[in-house]
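Visitor: I would like to learn how to read the packing of helices and strands in a model. Could you take me through one, feature by feature?

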Amino acid sequence: MDANDVSGELASLHYTGAEVQARVKEIAAQIDADYEGRRLLLVGVLSGAVMIMADLSRAMKSHCEMDWMAISSYGAGTQSSGVVRILKDLNTNIEGRDVLVVEDIIDTGLTLAYLIQNLQSRKPASLEIMTMFRKPEALSSSVKVRYVGFDLPNEFVVGYGLDYAGRYRNLTDVGTLAPHVYS
């Protein structure tokens, strides 16, 4: 599904599916170079990171392992609630492992700050963050992000894993959701 399929539901288009895929390939190449000869574990944050995890891992030229966590601070709303809950924990012991957390978006950074603190307590050899999207204007917590796909305005965006009430995750383009959709 692309922006043409949801005509009238997006207030503006920020990135096309082609632009997103080109950036994923660039990031994958950088990760391959940075982790050459190391045993990398990608930790995807459900549900939004499904798209980027699949595309990133396929674009990489080196082996990687994958595991998943589900954490939440949103519910069905359009803004973070600030309360973080772990809904699904890792199946993998990360002690002594090189871990790359893969996120769909960093909004306030509060959820990610909690997650990083939690994972650091498990003693990984290294712990870095990759996010496909970031909202610099919304950040209220300082988190060091090694790989960033694109910066977005502080608006409610959907597409490429980003949803509103479970919809729009499969939209290949990324755009601001029109207010009439969620008002």
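Visitor: In which hand, left-handed or right-handed, does H1 pass H2?

Guide: Before the answer, please note that this is a predicted model, in which local features need pLDDT of at least 70, side-chain atom pairs count only at pLDDT 80 or more, and totals for chains, interfaces and linings use all residues. Residues are numbered from 1 along each chain as its sequence is written, and side-chain values use heavy atoms, with hydrogens and water left out. H1 passes H2 in a right-handed crossing; a crossing is right-handed if the near helix is turned clockwise from the far one by less than a right angle, and left-handed if anticlockwise. The labels come from DSSP runs numbered from the N terminus, helices being H or I with at least four residues and strands being E with at least two.

Visitor: At what angle do helix H1 and helix H2 pack, and how far apart are their axes?

Guide: Two packed helices are described by the angle between their axes and the distance between the axes. Here helix H1 (residues 17–34) and helix H2 (residues 50–59) pack at about 55°, with axes 8 Å apart, which makes H1 oblique to H2. Axes are lines fitted to C-alpha atoms, for helices over the stretch in contact, with angles running from 0 to 180 degrees between N-to-C directions; under 35 degrees counts as roughly parallel, over 145 as roughly antiparallel, 65 to 115 as roughly perpendicular and the rest as oblique.

Visitor: Which residues of H1 and H2 make the contact?

Guide: Contact means heavy atoms within 4.5 Å. From H1 come Gln21, Val24, Lys25, Ile27, Ala28, Ile31 and Asp32, and from H2 come Ile52, Asp55, Leu56 and Ala59.

Visitor: Which side chain meets that of arginine 58 in a salt bridge?

Guide: A salt bridge is a side-chain nitrogen of Lys or Arg within 4 Å of a carboxyl oxygen of Asp or Glu, and a search of the whole structure finds 13 of them. Arginine 58 meets aspartate 55 in one, at 2.5 Å from N to O; because these two are three residues apart in helix H2, about one helical turn separates them.

Visitor: In what order do the six strands of the open sheet lie?

Guide: Strands of a sheet pair through backbone hydrogen bonds, either parallel or antiparallel, and two strands are taken to pair if DSSP finds at least two bridges between them. The order is E4-E3-E2-E5-E6-E7, with mixed pairing. Strand E4 (85–88) and strand E7 (147–151) stand at the edges with a single partner strand each, so one side of each has no neighbour in the sheet. Within the sheet, strand E2 (residues 40–46) and strand E5 (residues 98–106) are parallel over five bridges, and leucine 41 has valine 99 of E5 as its bridge partner.

Visitor: Which strands does H1 touch where it packs on the sheet?

Guide: H1 touches E2, E5, strand E6 (126–134) and E7, and its direction makes about 160° with that of E7. Helix H3 (residues 110–120) lies across E2, strand E3 (65–72), E4, E5 and E6, running at about 170° to E5.

Visitor: Which residues are joined by a cis peptide bond?

Guide: Most residues other than glycine have a negative phi, and most peptide bonds are trans. In this model a cis bond, with omega about 0°, joins leucine 46 and serine 47. Lysine 123, although not a glycine, has a positive phi of about 60°, and its place is in the loop between H3 and E6.
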